[in-house]
Amino acid sequence: MATVLNSLLPPPTRCSSSSSSTQPAGSTRPTMSSHSPDLPLPSAITNYSARSRPISCQLQTTKGFAILRRDAMAMIFSSYIFSRVGLGDVALAQPSVGFREYIDTFDGYSFKYPQNWIQVRGAGADIFFRDPFVLDENLSVEFSSPSSSRYESVEDLGPPQEAGKKVLKQYLTEFMSTRLGVRRESNIISTSSRVADDGRTYYQVEVNIKSYSNSNELAVMPQDRVTRLEWDRRYLSVLGVENNRLYELRLQTPESVFLEEENELRRVMDSFRVNKASA
């Protein structure tokens, strides 16, 4: 280490006395400094008089070399530490997604949602949360009224496949458009049934819906009506029955976002529970 430090320091300087100079009195000449060319020379020693006192070596050891020495030591020590630890042992912390729990004791349901999502009031559902950055990504909870239909179990909907068809039909009804040239494509991706830790049976339904529109729907010639994709979304539904009501947790997200956040969204789905209402 000492060898490396010495290689970074300037070459040693010779102490010279002005008494041996034969230059006429009163005249000045530039001195040859041993400083590094990258560092500015102090103005006090750029010129000197022949009658001035001898210049000591201490003056030529400038502050710049002290800083250079300190930086060199820091560089060497840091290089030594990283060589011992190794870059493979350094792990960068990855941000984890936190969750909050929403509990509605009055209506009888609960679920977990990403902590950075915000609640939106007046959205039409009993509760509505949305991603503040991806506006097409949201979740909501809706439930039926006991006065219109009384459910004893989610199996009243039939098997999961039949429930999936009803869910898809409901989505398409809600997205029905009166615009000319609008076309929707949909398919059921999966349906399943599970028994949660509360002993209740829940259905899970996943569907994909694409919306297409014509850029010039009033054009006479077919070649002038160019079809383009408006949106491509994944819809995830969890169905459960309690209090003679059918509860539905809905998750909506663009397909491109779903591929990145699938684990978080499935965690929201698995957290959905229906409970006895306090009312």
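These are questions and answers on a predicted model.

Reader: What are the ground rules for numbering and for confidence?
Author: Residues count from 1 along each chain as its sequence is written, and side-chain values use heavy atoms, with hydrogens and water left out. Local features need pLDDT of at least 70 and side-chain atom pairs pLDDT 80 or more, while totals for chains, interfaces and linings use all residues.

Reader: Why is tyrosine 109 called buried?
Author: Buried means under 20% relative accessible area, exposed over 50%, and partly exposed in between, with a 1.4 Å probe and protein chains only. Tyrosine 109 has 0% relative accessibility, so it counts as buried.

Reader: What makes phenylalanine 143 partly exposed?
Author: Its relative accessible area is 26%. That value lies between the two cut-offs, 20% and 50%.

Reader: Why is the pair of tyrosine 109 and phenylalanine 111 called stacked?
Author: Rings of Phe, Tyr and Trp (its six-membered ring) pair if their centres lie within 6.5 Å; planes under 30 degrees apart count as stacked, over 60 as edge-to-face, the rest as tilted. By this rule there are 15 aromatic pairs. For tyrosine 109 and phenylalanine 111, the centres are 6.4 Å apart and the planes at 5°, so the pair is stacked. Both residues are buried.

Reader: Why is the pair of tyrosine 109 and phenylalanine 143 called tilted?
Author: The centres are 6.3 Å apart and the planes at 50°, so this pair is tilted. It links distant parts of the chain: tyrosine 109 is in strand β4 and phenylalanine 143 in strand β7, 34 residues apart. Strands (E, at least two residues) and helices (H or I, at least four) are DSSP runs, numbered from the N terminus.

Reader: Which residues form one aromatic cluster?
Author: Tyr102, Tyr109, Phe111, Tyr113, Phe129, Phe143 and Tyr247.

Reader: What makes a set of residues a nonpolar core?
Author: The members are buried Ala, Val, Leu, Ile, Met, Phe, Trp, Tyr and Cys residues, joined through side-chain atoms within 4.5 Å. The largest core has 22 residues, and Phe111, Leu139, Leu251 and Phe272 touch the most other members. Elements giving two or more residues to this core include β4, β7 and α5. The largest share, 4 residues, comes from α5. A second, separate core of 17 residues includes Tyr151, Tyr171, Val207 and Leu246.

Reader: How do you know that the buried residues of α4 are on the same side?
Author: The buried residues of α4 are Pro160, Ala163, Gly164, Val167, Leu168 and Tyr171. They cover an arc of only 135° around the axis, which puts them on the same side of α4. The arc is that of the directions from the helix axis to the C-beta atoms. On the other side of α4, Lys165 and Lys169 are exposed. The buried residues pack against β8, β9, β10 and β11.

Reader: How does the reach of α4 compare with the expected span?
Author: Helix α4 has 15 residues and reaches 21 Å from its first C-alpha to its last, close to the 21 Å expected. The expected span is 1.5 Å times one less than the number of residues.

Reader: What makes arginine 183 lie over the face of tyrosine 212?
Author: A charge sits over a ring if NZ of Lys or CZ of Arg is within 6 Å of the ring centre and within 35 degrees of the ring normal. Arginine 183 is at 4.5 Å from the ring centre of tyrosine 212. Arginine 234 lies over the face of phenylalanine 258, at 4.1 Å from the ring centre.

Conventions: Contact = heavy atoms within 4.5 Å.
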